[in-house]
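Subject: The two-chain model, as promised

Hi,

Here is the structure I said I would pass on to you. Open it in your viewer and keep it next to this email while you read.

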Amino acid sequence: MHQNRTIPKKISRRWYNIFFTRLLPAVFLIVITGMAISCQKSQDTTFLKIGLPEEPRSLNIWLGTDINSRNILSQIYQPLFLRHPKTLEIIPWLAKEEPVFDEAALTYTIHLRKAKWSDGSDFTSEDVLFTKQLFFDFKIPRYYSKWKIIEKLEAPDAHTVVFHLKEPSAIFMSRVMTAPMVSKKEWGPVAKNALTKEKPLRILQDFQVEKPLGTGPFILHEYEKGAYIHMTKNPYFFGEGKNIAGFDLGPYVDNLLFNIYGTTDVAILALKKGDIDYYWWDIQPGYIQDLEENADIDLHFNKKSALYYLGFNLRRPPFDDKILRQAVATVVDKQFILNRILQDYGTPMDSIIPSGNHFWHNPDVRKYGAGMDEKQRITAARDMLKSAGYSWKVPPVKDDGTLTTPSDILLPSGEKMEKFVILTPPADYDPKRAFAGTMIQEWLRKLGLPAFARPMSFNSLLETVKGNHDFDAFVLGYGKLNLDPDYLGAFFSSDNDRPNGWNMSGYTNEAFDTLAAEQRLVVDVEKRRQMIYKMQEMLLEDVPYYPLYNPHIIEATVNKRFEGWVEKVNGIGNIWSLCVVKPIK
Amino acid sequence: MKKSSYILVKLVEVAFIFFVILTVLFFLFRLSPGDPISKMVDPMLTPEDMAHLIEQMGLDRPLWEQYIIYVKNFFTGNFGFSFHYGEQVSTIILDKLKWTILLFTTSTVLAAFVGVFLGKIAAWRKGSSLDNVMSISALVCYTLFIPWFALLLLWILGFKLGLFPLGGVLTPSLWVGNASLFIRILDVLHHLMLPLLTLFIINLGSYLLLMRSSMLSVLREDYIITARAKGLSEKVIRNKHAAQNAALPVITSVGLSLAFSINGGALTEQIFTWPGIGKELIFAVSNNDYPLAQACFLLIALVVLVANLIVDLLYAWLDPRITY
């Protein structure tokens, strides 16, 4: 009935007119202008363009503790000492030279460089004193707990500071001296005001920093929230023109422009298009083949100071039994995880300290299932359990040595082992850990253990494992461990076995506790290394955590405009790179 | 009931529902797993540090005390500071809201206009090839998976053809220079086009189908036959008699869509790196940033409630059969 009706010509003509005379030319103008802008921007070599995966949390150094804020702020606020990118030794940075340690008086005397803040004012010992006072007055998280070993701090002159310690400290150089220094001029009034308030730390952290005052190679020029961060070269940078740690420092680029990309897919397209020169984030192995085919892109593979592991709850059965944990460690096929889950971009971990941290890493810890195939691993684990009193209705290995489907494993007490759960983060949070958990479940079932891998939202997982301790086993990781091995004490000392403490497994070993406490007081590095080695041996014998893998950090840069990236543990995104990267002429 | 009494009753209803939402939101966030600190997997952070941070956030106080402070703060217009950004929640929301409105509200309005117009034509020419093409295309648009479609458009139009930028709201290297205001506006529009196109295509389908189906049912009504018998022109029958009546369910849908458009869309924002409120909302919830998450949800609740009220009133105005 309605088929004969047509659209009135007047209406359609009006819409056509609007479309062709207004809308289409407007869209055309926008596209052409935009394209012209795009062509113009890619020629500019005074800007080093860096992609970030997320916006920095804050440019207030006391709140901006996330990785993106750190990436920006580490170009501004500088510590007295820094790690050498290759040797990983602690070297003077804002300090002029190595500290003078008086063992009898327990003092470190440090001479400061004649450096300036980015507003041209002098960096002096007053600023060091102020920074220390700030840590103490506000009990600033992450810093106060390390700095409280300082009994007194003196400033004999404008460029000398003397640290008086309460006791000898192994972590003084690595954890105290690497804290960022802030300017009294910038933070003094803020701190004074905050201290008069009920919640001083919140006031300090919520202070909006417009132009952070630093001593680093770059200063913040402009921050357009939700869009970009523009940093320019600091004209007062103390390192410019100097050779430090074998590097002739610049910076050689006038501007850093940070752009945010919501997904890695889009960031990769931006790299390929030349919109950015470097994407400051770990790229997943799935992108490698595509990037390797692009001649304009260089890939950088570096070791990570990371630990991904299987953790056990030692507070309750079944994993309160060391032999069971060792048997589980024996059946886990780390090579499979490396090949299939990490696609060979990583290393299997033997010790709790990653191998990239070569000074502290002990390569001679006990290794489980090394060089064995599946049958050998299951047989070895079966033997371990059998000798500890475990039994099966149907054992995993037949008398003729062939594998079979086991059933009903019985504990040494004769009771049937209850099913247990391996908690993992969900696959959308970290597919590697989720998949590793599933694989471990399968290997354990081949041994007859009633294992069930269960992905759980990250918040709930942490609350269950760290807060409530209501779990059997879990797969978790630390993506960026400090290079000082002091964290061994935090992870495994029995005094950290408490709700929200880092000893999530509930590991208790008196000998370990003694070593962990003693090593903190040992200033002799070689002697401390032997103690740390011993601690690693203990951990791999008792297996509260079983280290699984350490993925490589994979990063990509465009090679047409800039060169000279500094490769180090944790990647090329570091202050050294930004101080030495040069435009290609 | 008088019009003014009806509005008053409705306003009281809205206020009550809003207060319930205010309360439910508070307890929902506090009872969800974790707290703003627990997600920080940083061995440098000692349990003492964590306790200190919790105390500074006021989360160590009893729940009822926190609730009273929360309600008091709300009624004094103080939404507090975001735990995550350390910035005033109102500033963060206003900052993001402008971009959300620019993209999501614009795309909803555009899609609604075009969808209603095309839906009217499709219904009027029911069974024709034009109707078939429009209906099938609308169904395809309606069922498109946003991330896939957005990435596809980005890859073809942004990367391969280079017609549009690969996300963001502006070209940083242009803005750090001395570009004129006109160029800057063009730049923002250039960045807006691809996400707008994506959302427009996705939203268009639903409005077109809704209008088509509503119009088809109206065209079967007796008063359309009466109008035709009266000798009214086809244009008058279609636009005045059919389309106006058919628009009623569409108005409800558009009204609510407009309200929900301030919610943004996390996936679209993520892919196009659009600094809208949707991504922020998801982030605030997953990171237990209570002040920010609460304020975002309250804003959405308020806008939806008000939009609902307006649609109710509009309905009564548009349809004489509905009385207060």
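One thing before you start: this is a predicted model.

Let's begin with a pair of helices in chain B. Helix 10 (residues 234–261) of chain B packs against helix 13 (residues 290–318) of chain B at an angle of about 160°, and their axes are 9 Å apart. Angles over 145 degrees count as roughly antiparallel, so helix 10 of chain B is roughly antiparallel to helix 13 of chain B. The crossing of helix 10 and helix 13 of chain B is right-handed. If you want to pick out the contact on screen, helix 10 of chain B brings residues including Leu248(B), Ile251(B), Gly255(B) and Phe260(B), while helix 13 of chain B brings, among them, Val303(B), Ala307(B), Ile310(B) and Leu318(B). Sorted by class, this contact between helix 10 and helix 13 of chain B has 14 nonpolar residues, 2 polar ones and no charged ones.

Now for where the two chains meet. On the chain B side, 62 residues are in contact with 64 residues of chain A. Several helices of chain B give two or more residues to the side that touches chain A, including helix 4 (89–124), helix 8 (181–219) and helix 10 of chain B. Which element of chain B gives the most to the side that touches chain A? That is helix 2 of chain B, with 7 residues. By class, the side of chain B that touches chain A has 34 nonpolar, 17 polar and 11 charged residues.

Next, over to chain A and its sheets. As a reminder, strands of a sheet pair through backbone hydrogen bonds, either parallel or antiparallel.

One open sheet in chain A has 6 strands in the order 16-22-15-21-19-20, with mixed pairing. Strand 16 and strand 20 (451–455) of chain A are at the edges with a single partner strand each, so one side of each has no neighbour in the sheet. On average, neighbouring strands of this sheet are turned by 25° against each other, direction ignored.

Is strand 22 of chain A mostly covered or mostly open? It is mostly covered: 7 of its 7 residues are buried. Strand 22 of chain A pairs with strand 15 (residues 307–312) of chain A in the antiparallel sense over 4 bridges, and there Tyr546(A) is the bridge partner of Leu310(A). Strand 22 of chain A also pairs in the antiparallel sense with strand 16 (residues 346–348) of chain A, over 3 bridges, with Gly346(A) opposite Pro551(A). Helix 11 (residues 334–341) of chain A lies across strand 16 and strand 22 of chain A, at about 30° to strand 22.

Strand 15 of chain A has another partner to look at: strand 21 (residues 473–478) of chain A, antiparallel over 6 bridges. In that pair, Tyr309(A) stands opposite Leu476(A).

There is also an open sheet of 7 strands in chain A, ordered 8-9-12-1-13-23-14 and again with mixed pairing. Its edges are strand 8 (218–224) and strand 14 (297–302) of chain A; each has a single partner strand, so one side of each is left without a neighbour in the sheet. Within this sheet, strand 9 (residues 228–233) and strand 12 (residues 255–260) of chain A pair in the antiparallel sense over 5 bridges, and Thr232(A) stands opposite Asn255(A).

Cheers

Technical notes
Residues numbered from 1 in each chain as written. Chains lettered and ligands numbered in written order. Predicted model: local features only at pLDDT ≥ 70, side-chain atom pairs only at ≥ 80, totals over all residues. Axes fitted to C-alpha atoms, helices over the stretch in contact; angles between N-to-C directions. Parallel < 35°, antiparallel > 145°, perpendicular 65-115°, else oblique. Left-handed = near helix turned anticlockwise from the far one by under 90°. Contact = placed C-beta atoms within 7 Å. Nonpolar A, V, L, I, M, F, W, Y, C, P; charged D, E, K, R; others polar. Buried ≥ 20, exposed ≤ 12 C-beta atoms within 10 Å, placed from the backbone. Pairing = 2+ DSSP bridges.
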